[in-house]
Amino acid sequence: VQLGALEEKSEKYEAALQAYREARKQDAKFNPEFLHLRIAEVAYKLGLLEVSLEALDVCERIMIKDRHAIHLIKGKCFEKKRHFGWCVEEYECGLIFVVTEARLEDHAAFLFRLGWSRVKAKQNVEQGVVEMQSAQKI
């Protein structure tokens, strides 16, 4: 796991993904939420969106806290796939978790992404603009 974190920090994402997968094989009981979330993030950065989404599906079944991170990465995957309506859904859910988990440091980022996704999806564009402007004031 530490090797994967070092590789990820060095932006060697293929090596990080391999290290995280190896760690998962060696000890499936070691913090599976962390491993699957890291696999999802690294796969996203490599453009392996389906791998990322699969890892996030596992996270959703086992993760209890920090669920906002699942919705953030899913939303980003859907952005790359240009499924902006799905982004709106993910960022709305993530924003709920940000508020309920009192993660105020993430509030502006989710609010901005939500607004931007609304504009791109042409869903309630006015509200999207207001959300982006509000995020900049936080």
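Q: Where buried means under 20% relative accessible area, exposed over 50% and partly exposed in between (1.4 Å probe, protein chains only), which residues of α6 are buried?
A: This is a predicted model, in which local features need pLDDT of at least 70, side-chain atom pairs count only at pLDDT 80 or more, and totals for chains, interfaces and linings use all residues. Residues are numbered from 1 along each chain as its sequence is written, and side-chain values use heavy atoms, with hydrogens and water left out. Helices are DSSP runs (H or I, at least four residues) numbered from the N terminus. The buried residues of α6 are F84, C87, V88, E90, Y91, G94, L95 and V98.

Q: Which helices are included in what covers the buried residues of α6?
A: Contact here means heavy atoms within 4.5 Å. The cover of the buried α6 residues includes α5 (67-80) and α7 (104-121).

Q: How are α2 and α3 oriented to each other?
A: Axes are lines fitted to C-alpha atoms, for helices over the stretch in contact, with angles from 0 to 180 degrees between N-to-C directions. The axes of α2 (residues 13-26) and α3 (residues 32-45) come within 9 Å and cross at roughly 155 degrees. Since angles over 145 degrees count as roughly antiparallel, α2 and α3 are therefore roughly antiparallel.

Q: What is the orientation of α1 and α2 to each other?
A: The axes of α1 (residues 2-9) and α2 come within 8 Å and cross at roughly 165 degrees. The two helices, α1 and α2, are therefore roughly antiparallel.

Key: Parallel < 35°, antiparallel > 145°, perpendicular 65-115°, else oblique.
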